[in-house]
Amino acid sequence: MAAVRGALLKHLRVNATPLARNPNPTSHGLFALTFNAIRRRFCDEVKGSFLDKSEVTDRVISVVKNFQKVDPSKVNPNAHFQNDLGLDSLDTVEVVMALEEEFGFEIPDNEADKISTINLAVEFIASHPQAK
């Protein structure tokens with residue numbers, strides 16, 4: 001039985017070589033090459049693109065302190081826009097817009113609605129790959 005199994009497996013085996021070791025990479029098709037190139041480029045871009053949290057905190061605090069309706073002495077990392085800084089919902093939208101301008105990307109409305117404190121703004125911006 002083992003001899004039959006061995007003979008059968010000998011004829012059914014297929015040689016496979018990984019893409020990286022193949023001397024002729026085009027034999028695997030253009031799709032595989034394109035996909036791997038895009039994947040490598042995306043991984044390299046995302047790997048180093050997140051901002052340092054302390055830098056984001058300093059910049060967010062600076063933007064909020066410079067907002068005309070805010071008393072700069074009340075601004076701290078734990079400050080709530082409405083409860084601590086006395087901003088209404090329209091003011092909060094304006095602060096978020098100022099943060100978008102500062103960091104160079106658009107914050108979607110559903111995410112902007114969740115940002116009610118400086119810490120929440122810092123967390124969102126520091127974890128966003130498009131923030132500059």
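Biologist: What covers the buried residues of H6?

Modeller: The cover of the buried residues of H6 includes H3, H4 and H5. This is a predicted model, in which local features need pLDDT of at least 70 and side-chain atom pairs count only at pLDDT 80 or more, while totals for chains, interfaces and linings use all residues. Residues are numbered from 1 along each chain as its sequence is written, and side-chain values use heavy atoms, with hydrogens and water left out.

Biologist: What do the helix labels and the word "buried" stand for?

Modeller: Helices (H or I, at least four residues) and strands (E, at least two) are DSSP runs, numbered from the N terminus. Buried means under 20% relative accessible area, exposed means over 50%, and partly exposed lies in between (1.4 Å probe, protein chains only). In H6, the buried residues are Ile118, Ala121, Val122, Phe124, Ile125 and Ala126.

Biologist: How many helices and strands does the chain have?

Modeller: The chain has 6 helices and 0 strands, and its elements run α-α-α-α-α-α from the N terminus on. Of its 132 residues, 29% count as buried. Contact means heavy atoms within 4.5 Å. Among contacts in the chain with a separation of 6 or more, 51% join residues 24 or more positions apart.

Biologist: How is the span of a helix to be read, and what does H3 reach?

Modeller: The expected span is 1.5 Å times one less than the number of residues. Helix H3 (residues 53–65) has 13 residues and reaches 18 Å from its first C-alpha to its last, close to the 18 Å expected. H4 has 15 residues and reaches 21 Å, close to the 21 Å expected.

Biologist: Which residues of H3 are buried, and against which helices do they pack?

Modeller: An α-helix has 3.6 residues a turn, so residues three or four places apart point the same way. In H3 the buried residues are Val56, Thr57, Arg59, Val60, Ile61, Val63 and Val64. They pack against helix H4 (89–103) and helix H6 (118–126). On H4, the buried residues are Asp91, Thr92, Val95, Val96, Leu99, Glu100 and Phe103, and their cover includes H3, H5 and H6.

Biologist: Is Arg59 buried or exposed?

Modeller: Arg59 counts as buried because its relative accessibility is 18%. Leaving aside residues up to four places away in sequence, Arg59 touches Leu51, Glu102, Phe103 and Lys132. Leu51 is found in the loop between helix H2 (30–47) and H3 and counts as buried, also at 18% relative accessibility. Leu51 and Ile125 are 74 residues apart in sequence, yet 8.1 Å apart in space, C-alpha to C-alpha.

Biologist: What is the relative accessible area of Lys53?

Modeller: Lys53, found in helix H3, has a relative accessible area of 42% and is therefore partly exposed. With residues up to four places away in sequence not counted, Lys53 touches Val122, Glu123 and Ala126.

Biologist: Which residues have the most contacts inside the largest nonpolar core?

Modeller: A nonpolar core is a set of buried Ala, Val, Leu, Ile, Met, Phe, Trp, Tyr and Cys residues joined through side-chain atoms within 4.5 Å. The largest has 27 residues, and those with the most contacts inside it are Val60, Val64 and Ile118. H3, H4 and H6 are the elements that give two or more residues to this core, and H6 gives the most, with 6 residues. Not counting residues up to four places away in sequence, Val60 touches Leu99, Phe103, Ile118, Ala121, Val122 and Ile125.

Biologist: Where is Ile107 found, and which residues does Ile107 touch?

Modeller: Ile107 is found in the loop between H4 and H5, and is buried, with a relative accessible area of 2%. Beyond residues up to four places away in sequence, Ile107 touches Val96, Glu100, Ala112, Ile115 and Phe124. The C-alpha atoms of Ile107 and Ile125, 18 residues apart along the chain, are separated by 8.9 Å.
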